[in-house]
Amino acid sequence: MHSVSIQNLDLSFGAVDVLKGLNLDIYDGEFLVLLGSSGCGKSTLLNCIAGLLDITGGQIHIKGNNVTWAEPSERGIGMVFQSYALYPQMSVEGNLSFGLKNAKVPKDEIRRRVDRAAEILQIGPLLNRKPAALSGGQRQRVAIGRALVRDVDVFLFDEPLSNLDAKLRADLRVELKELHRDLKNTMIYVTHDQVEAMTLADRIAIMKGGVIQQLASPDEIYNRPVNKYVADFIGSPSMTFFDGELKGGRFVMGDVNLPTEGYDFTGGQIDGKAIMGIRPEHVASGRDVEDAAYRTTVTAELVEPMGSDTLIWADFAGKRLRVRLDGQMKIADGDQIEIGINPAKANFFDAASELRL
Amino acid sequence: MAASSTNTPSGAKPKNTWTLGSVFVYGTLIILALYYLAPLYVMIVTSLKTLPEIRQGNVFALPDAVNLDAWFKAWATACTGLNCDGLSRGFWNSVIITVPSVIVSIAVASVNGYALANWPYRGANVFFTILIFGAFIPYQLMLYPIVIILRNLGVYGDLVGLIIVHTIFGMPILTLLFRNYFSSLPEELFKAARVDGAGFWGIFFKVMLPMSVPILVVAVILQITGIWNDFLFGIVYARPETYPMTVQLNNIVNSTFGEKEYNVNMAATILTGLVPLTVYFVSGKLFVRGIAAGAVKG
């Protein structure tokens, strides 16, 4: 059964269409991440699911119920916000129980659920504090707790980790993943951070301009992006793209002529203008160069040591090619290095439609 | 090089507090402060003098002996027209006018502002524009129409009439104040409360109002001082028995027969100004903070 099902969702503000004919089915217990740059409509979509925005057309079903016209509190959702949105004048306990009191849940039941949430999130000692006396990480735990006590099937997260510093973000990310593993609720998670998306998601929906570009597993999105936008968006640093031409099973760009054997063309082999994208970590270097179908020597124009690995920027076929090397390789600006390109790990897109070939 | 400790910058930067600039700035400020305080000083010393002492003409001189007769007279026995019970009647009239006007106007305006900021309905902006436009219409234009309205309601000359007028005239600025304040609160709080199942009033009383102390203080101060200091509405819409304190003060000071009792006039003026002054002194800091909080976002 689908946990959340969105059918032909339209949303417009006046003459501006923000979401248009959007369809999305989310499985029971799935962790779905809505990913995109700002203004792509991902938070808007989440607000529509929550019932905080009135939609213009279409239907939303949660757990088989048509909730298109239902109030947010009637939809069986809990929501966690980027700014935590804790009620400043209430204690942590007051924050957790506010929704339950509104729903007229009996006192001992409130007690039981608050205690359970506090135990799961390890915020028991904080129950009597005001939000102002909590750290950022604690506040976000309380905000998650507020969704938890509602005992709902669907959790909505609106960039919950964006306000935290990098280390705390990584810690809470792991906690969220554990929480999902233990609770097995459906979670819909909005973020612009691809690391969060890749690490947390069962499936990622990449959005642009109110349209879902690709809805697939992180692995599929990373290895087989459906178009150039998705390919460019995922990966840091991103792919290097080369304009060229596919001719008789080879990719030609200027003087460089690459074989494409081993690449799985979805629509069979074609000839014509195309774009090749290659991830920095898929450029072969060191001992792997020998196995590559195409080998060459480039000059490291700029070196970015990052500890675990080293990035170099090198001129190749008229573009700045990004290459990720082992962090232990000693390399300096201007050094010559040997690299190899394996067509099986590259991505080819149609030059006009920018769709995957 | 030898250790030249005085010339080599090291450690905490020395602070030179007595520069020519600072002497000039503080000197100017002190002179200006004295200039503005002088009238208050004159009022206080004059009110403590007897009439013969005042006639000597030393305006700035301290009184020979502190004499509170003028204060008692101003409060309890000074005559305005037929009534000879001083300012006390006006004081209580003003209290009866101010308290309900302040409470009702703030209660209505805060809900107005909340609805406009958080529950935008069709035509909300038009409504708001019209309301704000009302603040720019000169009072004189509305004086007579309101007389007719109050007369038809049967409250012309009553304190109730004045309370209604003050409540209505406080609406534009107070609504603007509250709307801007509520707009400046994080929208996600409002969303969270909706997910938590709170309705229009639940969110207002349990989430929004507890966070509105600064703006409530501003509104209370604005309304108390504004309504207490009002003269125009008081003189137009009240009768001698229902005159607020300001109107009575005017009548005492401007009484045309007999000798000018400067000491009584000064005491009466200070008495009338005491309420707004107290309000400012007690809550000045909160006032500034609240104004700033409301001004952040429009």
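In what order do the six strands of the open sheet in chain A run? The model, a predicted one, gives the order S6-S7-S8-S3-S9-S10, with mixed pairing. At the edges sit strand S6 (77-80) and strand S10 (211-216) of chain A, each of which pairs on one side only. Going from one strand to the next, the twist averages 15 degrees. Inside this sheet, strand S7 (residues 154-158) and strand S8 (residues 186-191) of chain A run parallel and are joined by five bridges. One pairing to look for is Asp158(A), which stands opposite Val190(A) in S8(A). Helix H4 (residues 136-148) of chain A packs on the sheet, where it touches S6 and S7 of chain A. The direction of this helix makes about 170 degrees with that of S6(A).

Stepping back to chain A as a whole, there are eight helices and 20 strands to find. The C-alpha trace of chain A spans about 75 × 45 × 35 Å along its principal axes. Of its 357 residues, 42% count as buried. Among contacts in chain A with a separation of 6 or more, 65% come from residues 24 or more positions apart.

Strand S1 (residues 2-13) and strand S2 (residues 16-27) of chain A run antiparallel, with eight bridges between them. They form a hairpin with two residues between the strands, and there Gly14(A) takes a positive phi near 65 degrees. S1(A) also runs antiparallel to strand S4 (residues 57-62) of chain A, this time with five bridges. Ser5(A) is a handy landmark here: it stands opposite Asp25(A) in S2(A), and also opposite His61(A) in S4(A).

Next comes the nonpolar interior. In general, nonpolar side chains tend to be buried together in soluble globular proteins. In this model the largest nonpolar core has 144 residues, and those that touch the most other members are Val33(A), Leu34(A), Ile49(A), Met79(A), Leu156(A), Ile188(A) and Tyr189(A). The element that gives the most to this core is helix H7 (residues 159-184) of chain B, with 12 residues. Leaving out residues up to four places away in sequence, Tyr189(A) touches Phe31(A), Leu32(A), Val33(A), Phe157(A) and Leu200(A). Another core, of 12 residues, lies apart from the largest one, and its members include Ala70(B), Leu87(B), Leu249(B) and Ala268(B).

Where the two chains meet, 14 residues of chain B are in contact with 16 residues of chain A. On the chain B side, the elements giving two or more residues are helix H8 (187-195) and helix H9 (200-208) of chain B. H8(B) gives the most, with six residues. Sorted by class, this side of chain B has eight nonpolar, two polar and four charged residues.

Helix H4 (residues 88-118) and helix H10 (residues 213-229) of chain B pack at an angle of about 145 degrees, and their axes are 9 Å apart. The crossing of H4(B) and H10(B) is right-handed. On the H4(B) side, the residues that meet H10(B) include Ser94(B), Ile97(B) and Val102(B), while the H10(B) side includes Leu216(B), Gln223(B) and Trp228(B). Taken together, the residues of this contact divide into nine nonpolar, five polar and no charged.

Conventions
Residues numbered from 1 in each chain as written. Chains lettered and ligands numbered in written order. Predicted model: local features only at pLDDT ≥ 70, side-chain atom pairs only at ≥ 80, totals over all residues. Pairing = 2+ DSSP bridges. Helix = DSSP H or I, 4+ residues; strand = E, 2+ residues; numbered from the N terminus. Axes fitted to C-alpha atoms, helices over the stretch in contact; angles between N-to-C directions. Contact = placed C-beta atoms within 7 Å. Core = buried A, V, L, I, M, F, W, Y, C linked by C-beta atoms within 7 Å. Buried ≥ 20, exposed ≤ 12 C-beta atoms within 10 Å, placed from the backbone. Nonpolar A, V, L, I, M, F, W, Y, C, P; charged D, E, K, R; others polar. Left-handed = near helix turned anticlockwise from the far one by under 90°.
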